[in-house]
Amino acid sequence: MSAESTKELTDEGAKVTTVVEGTDATAPPPAEPGGKVAIVTGASRGLGRGVAAILAKEAGFTVYATGRTTADLAKLEAECADGAGKVVPCTLDLKDDEAVKAFVEKVGKVDVLVNSAYEGLAAQKAHLGKKFYERPIGEYDDHMSGVRWAYALSQLVAPGMVEAKAGLIVNISSAGGIFYFCGVPYGVMHAALDKLGADVATELKGTGVTCVTVWPGGAVTERTSFPGGETPAFTGRAVAALAAAGAEDLAGKSGKVLLTCELGAEYDFVDATGERPVDGMGVRGMLNEGFKYPLAGGALGDHTQSNNEGMKAVFHGY
């Protein structure tokens with residue numbers, strides 16, 4: 001995550017879909033403020049920004065939005081000023097454990113934690129088209145830091161949730177954890193994040209606290225442009241729908257991987273475009289087959305399909 005300003009244009013000059021600015025005709029009626037509190041990491045831009053904006057504008061949350069780009073967080077706060085809730089911008093370096101601990105203690109009661117901070121995309125772009133032994137070792141660390149941050153925030157927030165016998169932890173991950181995508185570090189990080197969610201949910205069973213993993217489809221953000229992709233608002237509405245779900249509903253989802261497109265169908269919400277994305281890649285089928293890929297004797301894939309120079313255009317903003 002760099003300190004540069006948010007891009008408005010792609011390298012080709014086409015405007016990128018922005019996250020929840022102004023009036024959105026696809027938005028549900030604003031919720032009444034309910035005193036709910038959320039922490040969203042990685043909120044300066046991308047999916048984290050979309051989640052923070054939706055929780056504040058449409059779901060009435062007070063959102064502590066963290067990131068390292070102060071100007072972008074201030075802009076997010078201003079964009080959500082007319083919403084049902086509010087954004088509290090929090091410049092925070094997640095690599096500083098003491099600062100993170102102090103931040104969580106200052107926030108106090110937390111109803112929803114969304115772990116979305118991730119710097120792997122920026123690290124990998126320059127190395128697309130290369131195999132793991134041709135890349136710097138440091139790229140792996142840049143990817144895996146996202147798992148550590150999710151673990152640390154979950155560990156710090158969980159005691160308060162357990163005491164309250166309620167709470168929701170959401171890890172924003174990717175289907176790249178079960179099939180090859182863009183390189184070894186990307187897949188390892190997301191597989192680890194998915195496992196983190198399942199194991200955290202196992203230890204939280206019976207406490208009233210839910211931990212889920214959410215997989216958006218390919219995204220269209222300030223920095224990425226997957227063809228036919230989802231906007232960050234759709235991921236935000238998925239999280240908002242889960243936050244509003246009943247305890248029994250959430251208990252049945254805890255520890256599971258949830259696709260944003262399926263949540264849209266279940267809870268009846270659409271993207272900022274007015275459309276509801278679908279599972280075009282058949283990801284649910286892959287999950288239902290029990291990860292029957294190389295891990296369980298399946299055939300090895302073709303790494304060149306996603307790990308190539310051409311993919312740099314998809315990550316235009318990095």
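**Exercise 1. Determine how helix α1 packs against helix α2, and which residues make the contact.**

Solution. Start with the model: it is predicted, so local features need pLDDT of at least 70 and side-chain atom pairs pLDDT 80 or more, while totals for chains, interfaces and linings use all residues. Residues are numbered from 1 along each chain as its sequence is written, and side-chain values use heavy atoms, without hydrogens and water.

Step 1: locate the helices. α1 covers residues 46–57 and α2 residues 70–79. Helices (H or I, at least four residues) and strands (E, at least two) are DSSP runs, numbered from the N terminus.

Step 2: take the axes. They come within 10 Å and cross at roughly 30°. Axes are lines fitted to C-alpha atoms, for helices over the stretch in contact; angles run from 0 to 180 degrees between N-to-C directions.

Step 3: classify the angle. α1 and α2 are therefore roughly parallel to each other (angles under 35 degrees count as roughly parallel).

Step 4: assign the hand. α1 passes α2 in a right-handed crossing (the near helix is turned clockwise from the far one by less than a right angle).

Step 5: list the contact (heavy atoms within 4.5 Å). α1 supplies Arg 49, Ala 52, Ala 53 and Lys 57; α2 supplies Asp 72, Lys 75, Leu 76 and Glu 79.

Step 6: sort these residues. Three are nonpolar, none polar and five charged. Ala, Val, Leu, Ile, Met, Phe, Trp, Tyr, Cys and Pro count as nonpolar, Asp, Glu, Lys and Arg as charged, and the others, Gly among them, as polar.

**Exercise 2. Describe the two faces of strand β1 and its pairing with β2.**

Solution. Step 1: check the faces of β1 (residues 37–40). Val 37 and Ile 39 lie on one side, Ala 38 and Val 40 on the other. All four are buried, and both faces are covered (buried means under 20% relative accessible area, exposed over 50%, partly exposed in between; 1.4 Å probe, protein chains only).

Step 2: check the pairing. β1 and β2 (residues 62–67) run in the parallel sense over four bridges (strands pair if DSSP finds at least two bridges between them). Val 37 has Thr 62 of β2 as its bridge partner.

**Exercise 3. Examine the backbone and exposure of Lys 165 and Asp 268.**

Solution. Step 1: Lys 165 is not a glycine, yet its phi is positive, about 60°. Lys 165 sits in the loop between α5 (137–164) and β5 (167–172). Its relative accessibility is 65%, so Lys 165 counts as exposed.

Step 2: Asp 268, also not a glycine, has a positive phi of about 60°. Its loop joins α9 (260–267) and α10 (283–288). Asp 268 is exposed, at 63% relative accessible area.

Conventions
Parallel < 35°, antiparallel > 145°, perpendicular 65-115°, else oblique.
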